[in-house]
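Student: Hi! Could you walk me through this model?
Tutor: Happy to, let's have a look.
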Amino acid sequence: MNTLPTRCPLCGGEVTVTRIYCRDCDTTIEGRFAGGPFSQLNLEQLSFVETFIRCEGKITRMEVELDLSYPTIRNRLLEVIRALGYEPGGEEPVRMSDEERQKILEDLDQGRISAEDAMRLLQESEK
């Protein structure tokens, strides 16, 4: 089945859904229906959002699953945020506490995480 277009293929205007059909009971409903905020996303962006949800929003898990770097994933997330009509970075970033920073350094010292992981975690807290 095809995905619902959000733009007219002829003129590029916004498409309005006016008919919904059920194949099971042969019912047709007509009117004007909103597609919701995710209807603004293309297939690649929707796939990214699905992966983001499956990974519980953890970019480190997404790095493994998508085999992409942190900056690439972060850029794609920013693209999705903008496509949904929001401007990223409007809120004050949450800073890492001294205890969290110390825990990362202890994990590094004990060999529970690599130096790369420690650097990435510390850098993420500064963004």
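Student: Is F48 buried or exposed?
Tutor: F48 is buried, with a relative accessible area of 6%. Buried means under 20%, exposed over 50% and partly exposed in between, using a 1.4 Å probe and protein chains only. Keep in mind that this is a predicted model, where local features need pLDDT of at least 70, side-chain atom pairs count only at pLDDT 80 or more, and totals for chains, interfaces and linings use all residues. Residues are numbered from 1 along each chain as its sequence is written, and side-chain values use heavy atoms, with hydrogens and water left out.
Student: How many aromatic pairs are there?
Tutor: The whole structure has one. F48 and F52 are stacked, 6.5 Å centre to centre with 20° between the planes. Ring centres of Phe, Tyr and Trp (its six-membered ring) must lie within 6.5 Å; planes under 30 degrees apart count as stacked, over 60 as edge-to-face and the rest as tilted.
Student: Where do F48 and F52 sit?
Tutor: Both are in helix α1, and because they are four residues apart, about one helical turn separates them. Helices are DSSP runs (H or I, at least four residues), strands likewise (E, at least two), numbered from the N terminus. F52 is partly exposed, at 24% relative accessible area.
Student: New topic: where is L121?
Tutor: L121 is in helix α5, residues 115–126, and is partly exposed at 27%.
Student: Which residues does L121 contact?
Tutor: Leaving aside neighbours within four places in sequence, L121 is in contact (heavy atoms within 4.5 Å) with M96, I104 and I113.
Student: And where is F38?
Tutor: F38 lies in the loop between β2 (27–33) and α1 (43–54), and is partly exposed at 44%.
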